[in-house]
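The following exercises concern one protein chain.

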Amino acid sequence: MEKLTKPVRFWLCATIIILGLIGCDRFVGTSGDAVERVSDGDTLVVKDAEGKNFSVRFACVDAPEIAHTNKEKQSKRISDRNQFTWGVKARERVQELVQQGGDRVTLNITDSDRYGRKIAEVRLKNGTFVQQVLLQEGLAKVYRPYLNKCPSKDLVQQAEAEAKEQRLGVWSDTKFVNPWEYRSLYKK
C-alpha cells in the first residue's frame, strides 16, 4: 500500500505545481499596468488594476511631435515634416519596446501635469527604462525644466550625452528643432 501512495502523492503534487504555474497569472496577477495604446513618443494610455484608463507622460524627456490634425498631416512645411518624421520614429520605438515588454509597464509616478496626465518614469517588466532607451537612440531629448523632478536625472543626462556624442537620431539632423521650441514656434 505504501508503494502505491508514494507515486500517487508524487503525481498529485506534480499536477498541482504544473496547474499553479500555468494559471498563476490569473491568481497572482501580472506585474505592471496594461498599455492600451502608445499616443506618441512620450505618452501612453494605460489601464490600471481597476480597469480605468489614464494617460502617462514620460518624466524627464521630450520626444519629437507627431501630426495630430489633418492640416498637420498635409503640411508641406519642412519644419513640420522633419518634426513629424522623428516623432513617428519615436512613437514606433516606444510601441516596439512596449510589445517586447508584453504590453505591460511599471510606472514610477512623480507628478501630474496641467492636462491631468500622470508624469512617470516608465519601465518594462525586465527593468528596461524606456526613457533611457529613447535618449540613447537619439529619439528624445532631456527636458530640463522638470529635470529636478526626475529621480533618474543622472541616468537620463548620461544617456543623452552618449547619443549626442555619437550623433544618433535627432543629434545627426542639423535641421531638427527641439520639441519644446517647435511647439512654441510652430503650433499656434
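**Exercise 1. Determine where Ala 90 is found, whether Ala 90 is buried or exposed, and which residues Ala 90 touches.**

Solution. 
Step 1. Ala 90 is found in helix H4. The model is a predicted one.
Step 2. The relative accessibility of Ala 90 is 0%; because buried means under 20%, Ala 90 counts as buried.
Step 3. Leaving out residues up to four places away in sequence, Ala 90 touches Gly 41, Ala 63, Pro 64, Leu 134 and Leu 139.
Step 4. A separation of 8.9 Å lies between the C-alpha atoms of Ala 90 and Gly 138, which are 48 residues apart along the chain.

**Exercise 2. Carry out the analysis of location, burial and contacts for Gln 83.**

Solution. 
Step 1. Helix H4, which spans residues 78-100, contains Gln 83.
Step 2. Gln 83 has 1% relative accessibility and therefore counts as buried.
Step 3. Not counting residues up to four places away in sequence, Gln 83 touches Pro 64, Glu 65, Phe 176, Val 177, Pro 179 and Tyr 182.

**Exercise 3. State how many helices and strands the protein chain has, and give the order of its elements.**

Solution. 
Step 1. The protein chain has 7 helices and 7 strands.
Step 2. Read from the N terminus on, the elements follow the order α-α-β-β-β-β-α-α-β-β-α-β-α-α.
Step 3. Of the 188 residues in the protein chain, 40% count as buried.
Step 4. Among contacts with a separation of 6 or more in the protein chain, 57% are accounted for by residues 24 or more positions apart.

**Exercise 4. Trace the strand pairing from S1 through S2 and S3 to S6, giving the sense of each pairing.**

Solution. 
Step 1. Strand S1 (residues 33-40) pairs with S2 in the antiparallel sense, over 5 bridges. S1 and S2 form a hairpin with 2 residues between them, and the bridge partner of Asp 40 in S2 is Thr 43.
Step 2. Strand S2 (residues 43-47) and strand S3 (residues 53-58) run antiparallel and are joined by 5 bridges. In S3, Thr 43 has Arg 57 as its bridge partner, while Leu 44 has Val 56.
Step 3. S2 and S3 also form a hairpin, with 5 residues between them. Gly 51 in the turn of this hairpin has a positive phi of about 85°.
Step 4. S3 pairs with strand S6 (residues 118-123) in the parallel sense over 3 bridges. The bridge partner of Phe 58 in S6 is Ala 120.
Step 5. Why is S2 largely enclosed by the rest of the structure? The reason is that 4 of the 5 residues of S2 are buried.

**Exercise 5. Identify the disulfide, its geometry and the parts of the chain that it links.**

Solution. 
Step 1. A disulfide is a covalent bond between the sulfur atoms of two cysteines. With a cut-off of 2.5 Å between cysteine sulfur atoms, the count comes to 1 disulfide.
Step 2. Cys 60 and Cys 150 are joined by this disulfide, with S to S at 1.9 Å. The link of Cys 60 and Cys 150 is right-handed, with 90° about the S-S bond.
Step 3. The pair links distant parts of the chain, 90 residues apart: Cys 60 lies in the loop between S3 and strand S4 (61-62), and Cys 150 in the loop between strand S7 (141-142) and helix H6 (153-166).
Step 4. Cys 60 counts as buried at 6% relative accessibility, and Cys 150 counts as buried at 4%.

**Exercise 6. Describe the largest pocket by its space, its lining and the elements that supply the lining.**

Solution. 
Step 1. The largest pocket holds about 630 Å³ of space.
Step 2. The lining of the largest pocket comprises 26 residues, of which Arg 57, Asp 113, Arg 117, Tyr 143 and Tyr 146 are the closest to its centre.
Step 3. At least two residues of this lining are supplied by each of S3, S4 and strand S5 (104-112). S5 gives the largest share, 3 residues.
Step 4. By class, the lining residues of the largest pocket divide into 11 nonpolar, 4 polar and 11 charged.
Step 5. Arg 57, one of the residues closest to the centre of the largest pocket, is also the bridge partner of Thr 43 in S3.

Terms used: Residues are numbered from 1 along each chain as its sequence is written. This is a predicted model: local features need pLDDT of at least 70, side-chain atom pairs count only at pLDDT 80 or more; totals for chains, interfaces and linings use all residues. Side-chain values use heavy atoms; hydrogens and water are left out. Two strands pair if DSSP finds at least two bridges between them. Buried means under 20% relative accessible area, exposed over 50%, partly exposed in between (1.4 Å probe, protein chains only). Contact means heavy atoms within 4.5 Å. On a 1 Å grid over the protein atoms alone, a cavity is a set of points where a 1.4 Å probe fits but cannot get out, and a pocket is an open set with protein on both sides within 12 Å along at least five of seven lines; lining residues have an atom within 4 Å of a point. Grid points are joined across faces, edges and corners, and a volume is the space filled by probe spheres set on the points. Ala, Val, Leu, Ile, Met, Phe, Trp, Tyr, Cys and Pro count as nonpolar, Asp, Glu, Lys and Arg as charged, and the others, Gly among them, as polar.
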